[in-house]
Amino acid sequence: MGRRWNGLILAALATGPAHFAQVRERVPGISDRMLAQRLQELTAVDLVARNVQPGPSSRTRYALSPHGNAFLIPLAALLVWAEDHLPASGSPAEGP
């Protein structure tokens, strides 16, 4: 879970199920390759559910699994902690 992008991907799916391109739009800066890899990993550990919609041009839709929804609680707590204890992006760290 501690890999880069995972928290942002889960947060992006917290707003609702999405196709690959929609997840990519919700997570600025991630490459297609990295997103595909992370979605595969998150699916393997049952935080994300993958649903392939059949048809001539099949589409894959991603959503949080029940475990993924449950993980949003500690993820929100971690975000609150980070806002209180980590410097803002681009800001110098506070010294002692």
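Good morning. In the predicted model before us, the residues lining the largest pocket divide into 11 nonpolar, 3 polar and 2 charged. (Ala, Val, Leu, Ile, Met, Phe, Trp, Tyr, Cys and Pro count as nonpolar, Asp, Glu, Lys and Arg as charged, and the others, Gly among them, as polar.)

Which residues lie nearest the centre of this pocket? They are G7, L8, L75, L78 and L79, out of 16 lining residues. (On a 1 Å grid, a pocket is an open set of points where a 1.4 Å probe fits, with protein on both sides within 12 Å along at least five of seven lines; lining residues have an atom within 4 Å of a point.) Two elements give two or more residues to the lining: α1 (6–14) and α4 (66–85). The largest share, 6 residues, comes from α4. (Helices are DSSP runs of H or I with at least four residues, numbered from the N terminus.)

Helix α1 also meets α3, residues 32–44: their axes come within 10 Å and cross at roughly 75°. On the α1 side, the contact (heavy atoms within 4.5 Å) is made by N6, I9, L10 and L13, and on the α3 side by L35, R38, L39 and L42. Of these residues, 6 are nonpolar, 1 is polar and 1 is charged.

Finally, the structure holds 3 salt bridges (a side-chain nitrogen of Lys or Arg within 4 Å of a carboxyl oxygen of Asp or Glu). One of them joins E41 and R3, whose closest N and O atoms are 3.0 Å apart. E41 lies in α3 and R3 in the segment before α1, so the pair ties together parts that are 38 residues apart in sequence.

Residues are numbered from 1 along each chain. Local features need pLDDT of at least 70 and side-chain atom pairs 80 or more, while totals for linings use all residues; side-chain values use heavy atoms, without hydrogens or water.

Note on methods. Axes are lines fitted to C-alpha atoms, for helices over the stretch in contact, and angles run from 0 to 180 degrees between N-to-C directions.
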